Amino acid sequence: AKVTSVNRKKSSGFVWIRIDRNKDSTLLKPGARIVTYNELSEIKTNNNPGEFDYKDYSKKKRIGYQLNLDSNKFLKTYPERNSLVTKALKFRDRLHALLNQLKFDEMERSLLDALLLGKKTAMQKELTIGYRKAGAMHLLAISGLHVGILLLFVRTLLRPLRRWRIGKKVIIIVPFFSLWVFAFVTGLSASVLRAVIMFSLVSIAL
């Protein structure tokens, strides 16, 4: 979450928000604005050598604190922020709901969520451990590899259009548009945006 004020003073920064899952917990949607009286807590460092350092991971994302909430300790305020990123995240949530209606088992659905929508939160723990042990965890994180494959796939499909004069324009416009649609569908995350900008230039150069 992005911090906008603390003790009625304008502030800036980012925090992790943790909400315990139970029958009374409130699900926050992208763009929701909240007010809470809970205090921020520092992220604890990992004392076991060789294990994942959550504090260092958070620091690289410019996050130094976390906020533990339950449904009785915060108030939602309206109206919601309706930025482009918020719209992208809401659209991704709608696609996620549509995927849940399809007849896939839980493992297949979690893989589709990760590869198509960039959502890894629903992945089964055993599947995540398996990919990590195989050294293939990077395949589930949408990056330049996936965007490059998408560009190659779209350009291959459009290759027959080169015979026509208008086809050359289509080969420029459609791959470029496809990359940015993919970025929007995956929630406009920083890693995807970097890859899409780079491959957009590659697409035009080709």
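Mentor: Before we look at any residue, note that a residue is called buried when its relative accessible area is under 20%, exposed when it is over 50%, and partly exposed in between, with a 1.4 Å probe and protein chains only. This is a predicted model, in which local features need pLDDT of at least 70 and side-chain atom pairs count only at pLDDT 80 or more, while totals for chains, interfaces and linings use all residues. Residues are numbered from 1 along each chain as its sequence is written, and side-chain values use heavy atoms, with hydrogens and water left out.

Trainee: Which residues of H5 are buried?

Mentor: Helices (H or I, at least four residues) and strands (E, at least two) are DSSP runs numbered from the N terminus. In H5 the buried residues are His146, Val147, Gly148, Leu151, Val154, Arg155 and Leu158. As a general idea, an α-helix has 3.6 residues a turn, so residues three or four places apart point the same way.

Trainee: What span should the 15 residues of H5 have?

Mentor: The expected span of a helix is 1.5 Å times one less than its number of residues. For the 15 residues of H5 this gives 21 Å, and the end C-alpha atoms are 21 Å apart, which agrees.

Trainee: How many helices and strands does the protein have, and in what order do the elements run?

Mentor: The protein has seven helices and seven strands, and from the N terminus on the order is β-β-β-β-β-α-β-β-α-α-α-α-α-α. Of its 206 residues, 25% are buried.

Trainee: Which residues make up the largest nonpolar core?

Mentor: A nonpolar core is a set of buried Ala, Val, Leu, Ile, Met, Phe, Trp, Tyr and Cys residues joined through side-chain atoms within 4.5 Å. The largest one here has twelve residues, namely Ala88, Ile142, Val147, Leu151, Leu179, Phe182, Ala183, Leu188, Val192, Ala195, Val196 and Phe199. Helix H5 (144–158), H6 and H7 each give two or more residues to this core, and H7 gives the most, with four. Taking contact to mean heavy atoms within 4.5 Å, Ala183 touches Leu188, Val192 and Val196, when residues up to four places away in sequence are not counted.

Trainee: Which residues form the nonpolar patch on the surface?

Mentor: Patches are made of residues with over 30% relative accessible area and no salt bridge, where like charges are joined within 9 Å and nonpolar side chains (Val, Leu, Ile, Met, Phe, Trp, Tyr) within 5 Å. Accessible areas come from the Shrake-Rupley method with a 1.4 Å probe, and for residues only the protein chains shown count as cover. The patch here consists of Ile172, Ile173, Val174, Phe176, Phe177, Trp180, Val181, Ile197, Leu201 and Ile204, with about 920 Å² of accessible area together. Helix H6 (165–185) and helix H7 (190–205) each give two or more residues to the patch, and H6 gives the most, with seven. Ile172, whose place is in helix H6, counts as partly exposed because its relative accessibility is 44%.

Trainee: How many salt bridges are counted?

Mentor: A salt bridge is a side-chain nitrogen of Lys or Arg within 4 Å of a carboxyl oxygen of Asp or Glu, and by this rule the count comes to one. The side chains of Asp56 and Lys60 meet in it at 3.5 Å, N to O. These two residues are four residues apart in helix H1 (residues 54–60), so about one helical turn separates them. Asp56 is partly exposed at 34% relative accessible area, whereas Lys60 is exposed at 67% relative accessibility.
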